[in-house]
Amino acid sequence: INRSDLINLIKIADYLNIRPLLNAAFGQLLTNKEAPRWWSEGELKPLGSLLGAPLSTIFRTEDDKPDYSLINRFVVLWPIGAQLTDVALIFISPDSSYSWVRFNDGRAQIYGRDGNPIGPELNDAWNVFMSPDSSYSWVRFHNDRAQMYDKKGKPVDGTELNDVALIFISPDSSYFWVEFNDHRAQMYDRDGNLIGPELTGVDEFNDQFNIKISPDSSYSWVTFEDVKAQMYGRDGVPIGPELNNEDSFFDYFRINIS
């Protein structure tokens, strides 16, 4: 959008008091590489009264380049979306495109970056686990049921699980481990398909050491109730020997690996 259209859009948004649109249009105008020239030629002076400080402050730098870090200081920040009450927790997606809000009464709702709700409202929610690539989320409910949702808040078919204690999502989001209340664990791919065999006798829930996924997602460590540990590949197949209480490494792993 060109300068004249942006200026007109700003004026219209100001007249109609459409504050999110006004903020967005101002941000686009002031970060345009031509903005310093527009200011110096007087093209932006009519908009100066809409800012909390003169536009010249933004463009007054030693090398005559605009200091865009000043923009947020002077553009008035207006609320986006409706005010929420009775909020318990907020989970923001890693790519900032959406947020889950859990309320004290157990409701949960996805909101877009424009502050508007996305998808249906959920009831009896307890926790949210977001994938690092923001493409999906897991919601765990008070009855220990869990369901995967896409970024639009739509449940993913075939991904509902019961008796869930915790979900560990790999850093590349390609798979996740589910730990169940009866000390079972199972690896799944991002579509909810099983990977590898089901594990039993997994160590009692403690997210400090019972399942750890490597930063590059190529392997995981699982510790078990009978004081042993095993490494697994991303295909769910064991890697290397099983470690037990006689291995000097095990105590170090249990305490220090994170």
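In which helix is Leu21 found? In this predicted model, local features need pLDDT of at least 70 and side-chain atom pairs count only at pLDDT 80 or more, while totals for chains, interfaces and linings use all residues. Residues are numbered from 1 along each chain as its sequence is written, and side-chain values use heavy atoms, with hydrogens and water left out.

Leu21 is found in helix 2, which spans residues 19-30; helices (H or I, at least four residues) and strands (E, at least two) are DSSP runs numbered from the N terminus. The chain contains six helices and 15 strands, and 43% of its 258 residues are buried, where buried means under 20% relative accessible area, exposed over 50%, and partly exposed in between (1.4 Å probe, protein chains only). Because its relative accessibility is 31%, Leu21 counts as partly exposed.

Together with Ile12, Tyr15, Leu16 and Ile18, Leu21 makes a nonpolar surface patch of about 520 Å². Areas come from the Shrake-Rupley method with a 1.4 Å probe, and for residues only the protein chains shown count as cover. Helix 1 (residues 3-16) gives the most to this patch, with three residues.

Asp189 lies in strand 10, residues 185-189. Leaving aside neighbours within four places in sequence, Asp189 is in contact (heavy atoms within 4.5 Å) with Ser174, Tyr175, Phe176 and Ile195.

Note on methods:
Patch = residues over 30% accessible without salt bridge, like charges linked within 9 Å, V, L, I, M, F, W, Y side chains within 5 Å. Salt bridge = Lys/Arg side-chain N within 4 Å of Asp/Glu carboxyl O.
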